[in-house]
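My plan is to look things up piece by piece and jot down what I find.

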Amino acid sequence: MSQKAASKSAAKVLFQQANEAYFDDEFEQAESLFTQAIASDSSVGDYYLKRAQVRAKLDNISEAAKDAGKAADLTANKTEHLRQYFKALYLHGKWSYELKQYDDAAESLRKAATINPSHEEIKELLAKTEPLTTPKPEPAASAPAGDAAAGSDQAAVSVPPRPQVRHEWYQNDNFVIIEVFIKRVQKDTAAIDIHEKSVSVSVKMPTGSENNFEFDPLMHEIVPAESTFEILSTKIEIRLKKASSGKKWDHLEESEEQQSKLTSLGTSRKGISWDTIAADAEKEAGLKPSEQGVNQLFQSIYKDADEDTRRAMMKSYIESNGTALSTDWSSVKKGPVETVPPTDTVAKPFSR
C-alpha cells in the first residue's frame, strides 16, 4: 500500500471515531479526531463539514465558518457531492451572517438558493443579509466608439445573471410530482438521484454551466424503486412514489424546525429521554413508577443495543406517536410505523 493510500485509510478510521465521539456528545474529542483525519487527508470536504458542525457546538463560530467555506470549495462542481456542497454553503452563509460578514454570507446563500430555491430558511436569511452587503459601485459610463479600443482594458464587462430555474410540485394519493422547467435538456447531461428522503437534480447546460437542485430532506419518505423521472422538451418531470399512499404532504420538504426536532430525538445517542417515554407509558396504564421497571427496561435495551436496534426503537416510537416500540430494523425500515392505540380505544386524526 502506498503512503497516500495509507493516509487516506487512516483518515477514514479517524473520521469514523470522530463521528462516534460526536454522537456521544464528546465534542472536544470529536474536534480533535476530525482534525487528525484532515491532517491525514485534506482532500475530503465532508471532513471539514463535520468539523465545522462540531466547532459550532463548541461555540467557535469563526472557525466553523472557515471549515464550512473550505468544505464548499472542495465539493463545488461535483455532482456526487451536491448534498454536502449545499449544506456547506448554507452553514457558511448562516454563520457568516452571525459574524456580521454580510458579503461572504450573501455570496454563499445565493449559491445555495440556486440549488434549492424553495428552501424557506435560506430565502429568509438572504432577505435579511442582502440589505447589509457592501453596495456595488455603479458601472462606468460607456466610452465613445472611437475610444473603445483604447479603453478596452478598463471597460467593465456586464455579465447578465443566470435566470433562476422555476420548479413546481403537486401530489395525488400515490405520487408526489416535481416539475423542473428547463428547456431542451439532453438526456446524457442530466443526473437525477432519488433516495428515500431526498432528490437531487444536476443538469449541465450547453454553455458549460450547471443547474443544481437539492430537495432534502423531503417531507415524508418515498419508495425510490417505484419512482421515475422523464426528460421532456420543456421540463424534467420527477414522479416520487409515496411510502404511505393517501398521506397528504403539507410541504415538499421538511422545515429547519422539523429537522431540528427530529435530530434532537433521532440522531444523538443521548437525544431520547426514556424517562419521559416510561412516565407516559406508566401514566396511560395507571401504574405507579414503582410498580413496573419500564424505564429501566427501555434504558437497558437502548444502552446495550447496536445501531440498527436503536434506529428501530427511535423510528417506531416517533412515527407511531408513542404507541409502539420495535427493535427490528429490518421490519421498521420498510415504511412508516402505524399508530397502535390502546385496547378499546380508537386513534383519531388531528383536526383543526
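Predicted model: local features only at pLDDT ≥ 70, side-chain atom pairs only at ≥ 80, totals over all residues.

**Entry 1: strand β5 and its neighbour.** I began with β4 and strand β5 (residues 210-215): they run antiparallel, and six bridges join them. Then I followed the chain between the two strands. β4 and β5 make a hairpin, with five residues between them. In that turn I noted Gly208, whose phi is positive, at about 100°.

Entry 2: Next I checked what else β4 pairs with. Strand β3 (residues 190-194) pairs with β4 over five bridges, again in the antiparallel sense. The pair I wrote down is Ala191 with Ser202 in β4. How many residues of β4 are buried? I found five of the six in strand β4 (residues 199-204), so I'm calling the strand mostly covered, taking buried as under 20% relative accessible area.

**Entry 3: an open sheet.** I moved on to a sheet of four strands, which is open and has the order β1-β2-β7-β6, with antiparallel pairing. Which strands stand at the edges? They are β1 (167-171) and β6 (228-231); each has a single partner strand, so one side of each lacks a neighbour in the sheet. From one strand to the next, I get a twist that averages 15°. I then looked at β1 with strand β2 (residues 175-180), and found five bridges joining this antiparallel pair. His167 sits opposite Val180 in β2.

**Entry 4: two helices.** I turned to helix α6 (residues 102-115) and helix α7 (residues 120-129), which pack at an angle of about 145° with their axes 10 Å apart. Their crossing is left-handed. From α6, the contact uses Tyr102, Ala105, Ala106, Leu109, Arg110, Ala112 and Ala113, while α7 brings Ile122, Leu125, Leu126 and Thr129. I sorted the residues of this contact into nine nonpolar, one polar and one charged.

Entry 5: Last, I looked up Asp41, which lies in the loop between α2 (27-40) and α3 (45-57). Is Asp41 buried or exposed? Its relative accessibility is 8%, and the cut-off for buried is under 20%, so Asp41 counts as buried. Leaving out residues up to four places away in sequence, Asp41 touches Lys8, Ala11 and Tyr47. With Lys8 there is also a polar contact between the side chains, at 3.2 Å.

Terms used
Residues numbered from 1 in each chain as written. Heavy atoms only, no water. Axes fitted to C-alpha atoms, helices over the stretch in contact; angles between N-to-C directions. Left-handed = near helix turned anticlockwise from the far one by under 90°. Contact = heavy atoms within 4.5 Å. Nonpolar A, V, L, I, M, F, W, Y, C, P; charged D, E, K, R; others polar. Pairing = 2+ DSSP bridges. Buried < 20%, exposed > 50% of the residue type's maximum accessible area, 1.4 Å probe, protein only. Polar contact = N/O pair within 3.5 Å; in protein donor to acceptor, adjacent residues only side chain to side chain.
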